[in-house]
Amino acid sequence: MKLYYAQGACSLGIHLLLNEVGAAFELVKMDMRTGDLKQPAFLAINPKGKVPALVLDDGAVITEWAAIACYIAATHPGHHLIPADPLAAAQTMEAVLTINGTIHIAGFSRILRPAAFAPNPEDKETVRNQGREQFLNGMQLIADLLGDKDYIMGAFSIADAALFYVTLWNNMIAKLDIPASINAHYARMVERPAVRQAMQAEGLA
Amino acid sequence: MKFFYSPHACSMGIHVLLEEIGKPYERVRVNFAEAAQYKADYLAINPKSKVPAIQRDDGSVLTEFPAIAYFLARENPESGLLPATLEGEIRGLEMLEYMTATVHMRGYTRIFRAGNFTPNAADESKVIETGLGFVTKGFEILEPVLGAKPYLLGDHLTFADSGLFFLTHWAKFRADIAMPANIEAYLGRILERPAVRRVLEDEGLAG
C-alpha cells in the first residue's frame, strides 16, 4: 500500500492508524504549498486533489478520511478499531464525522484559510472568529462524549485518530482554550508508539 | 424510532432509506422557518442544530448523514441497502462522505447560505460562484463513478444512493444546475421509485 500524505495534515490520523495495525505501507509525501495536490500526476490518483489517499497493492485508490479509516479497521479486525456492535460502530462514525465536518471543515478551515470563505481580505478576522467558535463547539461535543474515559468509545478507535489530528492543529496553530480532557487525551495518544512513530516520520516530533 | 427532518433538506436522503426499509417510524419536522433547530427542545436531540437525526426507542440519538445511512443499512439487511462486499461498503461510505462533506457542505451550502461565508452582502455572488464550482466538479467526479449503472453501486439501490438522490434533486428543483447525462438519467430513474414518491408527497414536494 501507499499512503499519500502531507506533513501534519488530516492524513496524519490515517498514518497513525496504519502504524497501529502494523500494516506494510510506503509513505508518499505531498507538499500542499507547492501545488503538488493539483498536479496531473496526483489528480490521476485522486481527482479531488486531496490527501489522504490510500493506494492498495492492486492499484485501487481509497479516498475520504472516514472511508479509509473504516477500510483499515475492517481489514484488521483483530485490532478492534471500530466496535462490533452496529450502534457503537455508528456512534464511532458519528464522532469521526463531527470531527471532520464541524471541527475541521467548518472550524479549522475558516481559521487557516479565511480567504476561501470570504473574498474580501478585510473580513478575515470575522471569518476566523466564526471558525474558532465552530472549532470550540465541536471540541466541546467531543469532550462530552469522551467524559472521563481514556478514549472516545472507551477503547481506542478510529475516532481517537481523528481527534488527535485536530488537537495537534490546536496546539500548533489555532491555540484555543480547549477542554482539559482533550489535552489529556492528546498526551495519552503521544504515548502510543504508533502515534510517536507517525509524528517522527512526518518530522513533527 | 423518530426521524427528525426538514422538507427538502438533505434529510430527504435518509427519509428515502426509511421508506425503502418500510418499517414504522415517526416523522418529526424541525421547523427551520421558526429557527426550531436552535431551540432547547431540538438542541437536546442534536446540539449541532442540523438534520437529519434519528432517535431510537431506547432514547439513543444518531446524527451525521453517512453514519445514519450506514447504520440503517446494517440494521436492516433484508432491505438490500447494504452492499454485499466489504469493497461495496467502503465505496459507499467514500461516496457518501464526499457527497455530504464536499458537494453539500462546501458546494450547496455556499449557494443556499452565502451569508454564512461572508459578512458582506456584496460578496455573496462570489461565494455562490465558488459553491457552484464545487457542485459542478462533484457531478464531474461522480458521473464516471455512476457510469451506465442504474444505481451508484450496481443494479439495485443501496445506502450510497441516499446521497446522490438529494444532490440531484437539489440540482434540478432547488438550484437549477445542469447535470451530466448519466446523473440526469439517474434522477429520472430514482424519482420513479414508490418509496421516493412517498417521500416527496410527505415533504410537500410532489409536483
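In chain A, strand β3 (residues 53-55) runs antiparallel to β4(A) and is joined to it by three bridges; strands are DSSP runs of E of at least two residues, and helices DSSP runs of H or I of at least four, numbered from the N terminus. Two strands are taken as paired if DSSP finds at least two bridges between them. Within this pair, L54(A) lies opposite I62(A) of β4(A). The structure is a predicted model, in which local features need pLDDT of at least 70 and side-chain atom pairs count only at pLDDT 80 or more, whereas totals for chains, interfaces and linings use all residues. Residues are numbered from 1 along each chain as its sequence is written, and chains are lettered from A and ligands numbered from 1 in the order in which they are written.

The chain A strands form an open sheet of four, ordered β2-β1-β3-β4, with mixed pairing. Because β2 (26-30) and β4 (61-63) of chain A stand at the edges with a single partner strand each, one side of each has no neighbour in the sheet. The twist from one strand to the next averages 25°.

In chain B, helix α6 (residues 161-173) packs with helix α7 (residues 181-191) at an angle of about 105°, the axes being 10 Å apart. Axes are lines fitted to C-alpha atoms, for helices over the stretch in contact, and angles run from 0 to 180 degrees between N-to-C directions. α6(B) is therefore roughly perpendicular to α7(B), a term that covers 65 to 115 degrees, with under 35 roughly parallel, over 145 roughly antiparallel and the rest oblique.
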